[in-house]
Amino acid sequence: MTNEKRKDIEGMVGILKQLDRTSLTLIKNGAEILKARQAVS
């Protein structure tokens with residue numbers, strides 16, 4: 001993994017840590033929908 005990718009992931013984790021449970025649930029559900037759409041395509 002490159003340092004740039006590592007920094008991107010660390011930044012994303014920092015943002016996610018600040019969110020409340022409802023927001024995290026919305027993000028998780030959205031990601032699952034996108035995953036399902038990609039599987040169909």
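User: What makes up the protein chain, in helices and strands?

Analyst: This is a predicted model. The protein chain has 2 helices and 0 strands. Its C-alpha trace spans about 35 × 30 × 5 Å along the principal axes.

User: How do you know what share of the protein chain is buried?

Analyst: Buried means under 20% relative accessible area. Of the 41 residues, 0% count as buried. The accessible surface comes to about 4,100 Å². Carbon and sulfur atoms hold 58% of that surface.

User: How do you know that the reach of α2 is close to the expected value?

Analyst: From first C-alpha to last, α2 reaches 29 Å. At 1.5 Å a residue, 28 Å is expected. The reach is close to that value.

User: Why is the contact of Glu32 and Lys28 called a salt bridge?

Analyst: The rule asks for a side-chain nitrogen of Lys or Arg within 4 Å of a carboxyl oxygen of Asp or Glu. For Glu32 and Lys28, the N to O distance is 3.7 Å. The pair therefore meets the rule. Side chains of opposite charge can pair when their charged atoms come close. The count for this model is 1 salt bridge.

User: What separates Glu32 and Lys28 along helix α2?

Analyst: They are 4 residues apart, which means about one helical turn.

User: What makes the nonpolar patch on the surface?

Analyst: Met12, Ile15, Leu19, Leu24 and Ile27 form it. Together they have about 420 Å² of accessible area. Two elements give two or more residues each: α1 (3–17) and α2 (21–40). Ile15 sits in helix α1.

User: How far apart are the mean positions of the positive and negative charges?

Analyst: They are 5 Å apart, for 8 positive and 5 negative charges.

Key. Residues are numbered from 1 along each chain as its sequence is written. This is a predicted model: local features need pLDDT of at least 70, side-chain atom pairs count only at pLDDT 80 or more; totals for chains, interfaces and linings use all residues. Side-chain values use heavy atoms; hydrogens and water are left out. Buried means under 20% relative accessible area, exposed over 50%, partly exposed in between (1.4 Å probe, protein chains only). Accessible areas come from the Shrake-Rupley method with a 1.4 Å probe; for residues, only the protein chains shown count as cover. Lys and Arg count as positive and Asp and Glu as negative; His and the chain ends are not counted. The place of a charge is taken as NZ of Lys, CZ of Arg, CG of Asp or CD of Glu. Patches are made of residues with over 30% relative accessible area and no salt bridge: like charges are joined within 9 Å, nonpolar side chains (Val, Leu, Ile, Met, Phe, Trp, Tyr) within 5 Å. The expected span of a helix is 1.5 Å times one less than its number of residues.
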